[in-house]
Amino acid sequence: MYKLIIDTDPGIDDSLAIQFALASKEFKILGLTTVFGNVNVDLSTINSLRLLQLANRGKIAVAKGASKPLKGKFLGGVPFVHGDDGQGNTWQPPGSLSPINTPADEFIIEQVFKFPKQITIAALGPLTNLASALSKRPQIQQMVKEIVFMGGNAFCPGNATPTAEANMFSDPDAADIVLGAKWPITMVGLDVTHKTILSKEILQKFSEIDSPLHNHITKAYQFYQDFFTRVNKIDGTYVHDTSVFTYLIDKNLYKTVHYPVRVETQDCLSKGKTWPSLGESDHEGSEVLMPWKNRPKINICVDVNSNKVIELIKNRLMK
Ligand code: BDR
Ligand code: CA
């Protein structure tokens with residue numbers, strides 16, 4: 001069983017991902033750490049607490065995290081994708097749960113020290129909390145079991161911009177730090193999430209289940225679906241954040257390749273683009289490829305058995 005911390009910015013697909021993780025016995029969720037991203041961090045914290053309350057899992061800790069990227073300002077999120085409240089304009093009342101006093105980066109450090117080599121971090125938003133935890137305690141690199149993050153685009157276009165994926169674009173400096181650290185890390189990016197589509201029919205089936213969480217999430221998903229119908233012209237929604245958990249449950253569903261990756265941090269056309277180095281060596285002595293020198297190879301998901309992933313999601317969420 002994974003001892004899990006979920007770093008998240010709910011976000012409609014974050015909400016489904018959290019619902020999926022809560023429904024999966026493979027995960028013991030130690031806490032949710034929140035970050036700005038789809039919405040500001042206050043809202044992402046309220047939404048996290050609200051989701052746990054709806055699921056009747058209020059004992060899981062929620063630690064509030066970064067309100068802005070390492071450099072620059074929070075740019076206001078993506079209300080056209082997730083609604084002004086990050087939950088498809090369903091405007092759920094805040095509920096009665098509160099975050100713990102420990103900030104997200106400290107919570108991550110505390111748990112990693114408490115359970116050395118046992119903690120898996122599922123990161124579903126900008127990687128600011130992880131970068132900040134790393135800068136406070138670099139030794140966590142050797143102490144975390146595994147990081148799996150949703151983000152990046154290795155061999156395909158972006159979604160926030162033609163070149164970059166949204167989570168990487170939101171804090172490229174943090175992403176470049178986290179992807180350069182010496183911990184086992186897997187990128188579940190658009191290369192696979194754009195191949196995995198949750199159809200309207202399946203969503204309709206979820207909506208027939210009468211639980212407070214199902215009711216809320218399927219309502220929020222109507223808003224998310226409208227975005228994909230309008231912009232991507234698809235009859236369903238891409239499975240972004242939930243793919244982190246389907247990867248963890250069955251790694252054989254994904255094909256991975258291994259390269260060092262840099263993230264473009266400059267304010268330019270490819271800001272936030274994840275660039276794998278496709279060279280054979282670690283580029284010793286190569287001036288041209290110097291920026292990748294001494295960077296660890298990371299796992300990059302490049303292909304997926306999407307039918308099986310959708311089956312897995314269906315089975316877990318039909319309960
Ligand atoms: C990612 O960006 C956010 O909008 C989603 O929640 C997901 O984490 C997809 O690019
Ligand atoms: Ca997210």
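These legends go with close-up views of a predicted model. Local features need pLDDT of at least 70, side-chain atom pairs count only at pLDDT 80 or more, and totals for chains, interfaces and linings use all residues. Residues are numbered from 1 along each chain as its sequence is written, chains are lettered from A and ligands numbered from 1 in the order in which they are written, and side-chain values use heavy atoms, with hydrogens and water left out.

**View 1. The calcium ion (ligand 2) and its protein donors.** Donors here are N, O and S atoms within 2.8 Å of the metal (3.2 Å for Na, K and Ca); water is not among the atoms, so sites may look incomplete. Look for D9 (OD), D14 (OD), D14 (OD) again, L124 (O) and D241 (OD), lying 2.3 to 2.6 Å from the ion. Along the sequence, the donor residues follow the spacing D-x4-D-x109-L-x116-D. D14 in helix α1 (residues 12–22) and D241 in the loop between β8 (236–238) and α11 (242–249) are 227 residues apart, so this pair links distant parts of the chain. Helices (H or I, at least four residues) and strands (E, at least two) are DSSP runs, numbered from the N terminus. D14 is buried at 0% relative accessible area, and D241 is buried at 2%. Buried means under 20% relative accessible area, exposed over 50%, and partly exposed in between (1.4 Å probe, protein chains only).

View 2. Rings of Phe, Tyr and Trp (its six-membered ring) pair if their centres lie within 6.5 Å; planes under 30 degrees apart count as stacked, over 60 as edge-to-face and the rest as tilted. That rule gives nine aromatic pairs. F227 is buried at 12%, and F228 is buried at 3%. Y247 and Y254 are also edge-to-face, because their centres are 5.7 Å apart and their planes at 70 degrees. Ring pairs also tie F80, Y221, Y224, F227, F228 and Y238 into a cluster.

**View 3. Lysines over rings.** A charge sits over a ring if NZ of Lys or CZ of Arg is within 6 Å of the ring centre and within 35 degrees of the ring normal. The charged end of K271 sits over F169, 4.6 Å from the ring centre. For K273, the ring belongs to W275, with 4.7 Å to its centre.

**View 4. A174 and its contacts.** A174 is in helix α7 (residues 172–180) and is buried at 0%. Leaving aside residues up to four places away in sequence, A174 touches L70, L127, T128 and A131, where contact means heavy atoms within 4.5 Å.
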